[in-house]
Amino acid sequence: MKKRGGKIVNFKLTEDQLRIQQLAKDLVAKEVAPNAKDWDKGEDFTPIYKMFKEKFAPLGLMGLPYPTEYGGAGADQISYALASIEINKACASTGCAYSVAISLNGWPIFAYGTEEQRRKYSVPLFQGKLVGAFGLTEPGAGSDSGAQLTTAVEDGDFYVLNGEKCFCTNAGLAEVYVVFAMTDKSKGVKGISAFIVEKDTPGFTFTKQEEKMGIRATVQRNLFFENCRIPKENLLGKVGEGFKIAMTTLDGGRIGIAAQGVGIAMGAYEYALKYSKERVQFGQPICNQQVIAFKLAEMATKIEAAKWLTLHAAYLKDNKLPYSKEAAMAKMFATDTAMEVTTEAVQILGGHGFLRDHPVERMMRDAKITQIYEGTNEVQKLVISGSILR
């Protein structure tokens with residue numbers, strides 16, 4: 001603890017937070033780390049989906065930051081960030097799918113849903129009986145959400161959805177989807193509404209799995225809606241609130257992606273550090289060479305800074321304080337750090353770092369997407385600059 005202006009600033013994690021961190025670490029060591037390489041090679045999300053239900057759920061990890069009365073574990077955002085860091089140190093594919101389920105799907109239903117929707121969807125989602133997904137991006141509407149073409153037309157007791165979403169993580173296996181559609185095109189972003197869509201709804205189909213550079217053990221598919229009838233009680237929030245729901249969801253989701261960046265960077269750094277102590281050149285471990293030692297020093301420093309930016313944003317959210325700017329800062333810095341650290345880790349291993357015998361090449365491939373999804377880092381700069389210049 002440090003005193004600043006007569007006040008105490010406490011950087012110490014609580015016993016509960018440390019317990020959850022250790023729980024996640026132990027689970028990852030047993031269930032995730034030994035399989036990450038094979039999952040990446042197989043490009044199959046099925047094992048991770050099963051693991052969520054069979055291994056994560058019994059430990060409360062699928063509802064970690066949500067109240068126990070809705071099936072959650074009653075923990076906080078800091079605990080969620082710590083668990084995410086541990087998961088992503090070993091497997092960013094698992095971390096990505098986990099973040100989508102917890103943040104992008106779980107949070108908007110809990111935050112904006114009716115009591116009936118919470119009981120019907122939040123409880124089984126947080127208990128790990130169901131897995132969730134999120135559909136906002138379209139082929140022609142990425143950062144520009146107002147350009148989306150998916151529509152929802154009112155028809156009696158239903159809304160009829162028509163359109164397409166792309167890059168939807170967990171799609172095809174997830175049972176519950178939060179989907180955004182235009183209910184009034186003339187209003188632009190104020191004409192977007194949000195809906196809860198169940199997997200087996202008639203008129204709702206999926207494309208084949210995308211083939212990707214990284215996070216290969218996740219699944220991303222397009223969602224197709226053709227005269228898909230959604231009951232009115234599955235409207236999430238109010239008509240026209242979809243853009244607000246999407247943006248506030250992404251604010252929180254960025255804490256999860258920041259934690260992912262920190263975890264990936266930590267995993268690569270720790271592997272490179274260990275390798276540098278064992279790899280002997282010119283009669284001594286390469287870590288004794290100043291050029292390598294200084295690389296490791298810079299990697300460690302940036303990881304530490306990224307970690308505390310992330311935990312600070314989580315603290316603000318836990319305490320119901322404004323956190324949009326801080327989440328954007330954490331996401332931007334942590335994911336840039338992940339890309340830089342993984343690249344340096346490959347460099348430290350030299351030719352060996354380029355081989356799949358070592359995990360750093362996978363970590364480097366995985367790190368790139370963190371700078372892109374849930375708002376590119378260029379978008380994060382817009383969020384940050386908009387806040388400080390307001």
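Predicted model: local features only at pLDDT ≥ 70, side-chain atom pairs only at ≥ 80, totals over all residues.

Student: Where is Arg254 found?

Tutor: Arg254 is part of helix α7, which covers residues 242-278.

Student: Is Arg254 buried or exposed?

Tutor: The cut-off for buried is under 20% relative accessible area. Arg254 has 5% relative accessibility, so Arg254 counts as buried.

Student: Which residues does Arg254 touch, leaving out those up to four places away in sequence?

Tutor: Arg254 touches Ala327, Lys331, Glu374, Gly375, Val379, Gln380 and Val383.

Student: Now a glycine. Where does Gly237 lie?

Tutor: Gly237 sits in the loop between β10 and α7. Its relative accessible area is 24%, so Gly237 is partly exposed. Leaving out residues up to four places away in sequence, Gly237 touches Tyr112 and Ile245.

Student: How do I describe two packed helices?

Tutor: Use the angle between their axes and the distance between the axes. Here, α3 (residues 46-56) and α5 pack at about 70 degrees, and their axes are 10 Å apart. That angle makes α3 roughly perpendicular to α5.

Student: Which residues of α3 and α5 meet?

Tutor: From α3 come Ile48, Met51, Phe52 and Phe56. From α5 come Ser93, Thr94, Ala97 and Tyr98. Sort this contact by class and you get 6 nonpolar, 2 polar and no charged residues.

Student: Let me try α6. Which of its residues are buried?

Tutor: Helix α6 spans residues 115-126. Its buried residues are Gln117, Arg118, Tyr121, Ser122, Val123, Pro124, Leu125 and Phe126. Among the elements covering them are α5, β3, β6, β7 and β10. Look just past the helix too: Gly128 takes a positive phi of about 80 degrees there.

Student: On to strands. Which way do the residues of β3 point?

Tutor: Gly132 and Phe134 point one way, and Ala133 and Gly135 the other way. All of these β3 residues are buried.

Student: And which way do the residues of β6 point?

Tutor: Val176, Val178, Phe180 and Met182 point one way. Tyr177, Val179 and Ala181 point the other way. In β6, 7 of its 7 residues are buried.

Student: Do β3 and β6 run parallel or antiparallel?

Tutor: They run parallel, joined by 4 bridges. Follow the partners across: Gly132 is bridged to Val176, and Gly135 to Val179.

Student: How many bridges join β6 to β7?

Tutor: There are 7, and β6 and β7 run antiparallel. Val176 in β6 stands opposite Glu198 in β7.

Key:
Residues numbered from 1 in each chain as written. Heavy atoms only, no water. Buried < 20%, exposed > 50% of the residue type's maximum accessible area, 1.4 Å probe, protein only. Helix = DSSP H or I, 4+ residues; strand = E, 2+ residues; numbered from the N terminus. Contact = heavy atoms within 4.5 Å. Axes fitted to C-alpha atoms, helices over the stretch in contact; angles between N-to-C directions. Parallel < 35°, antiparallel > 145°, perpendicular 65-115°, else oblique. Nonpolar A, V, L, I, M, F, W, Y, C, P; charged D, E, K, R; others polar. Pairing = 2+ DSSP bridges.
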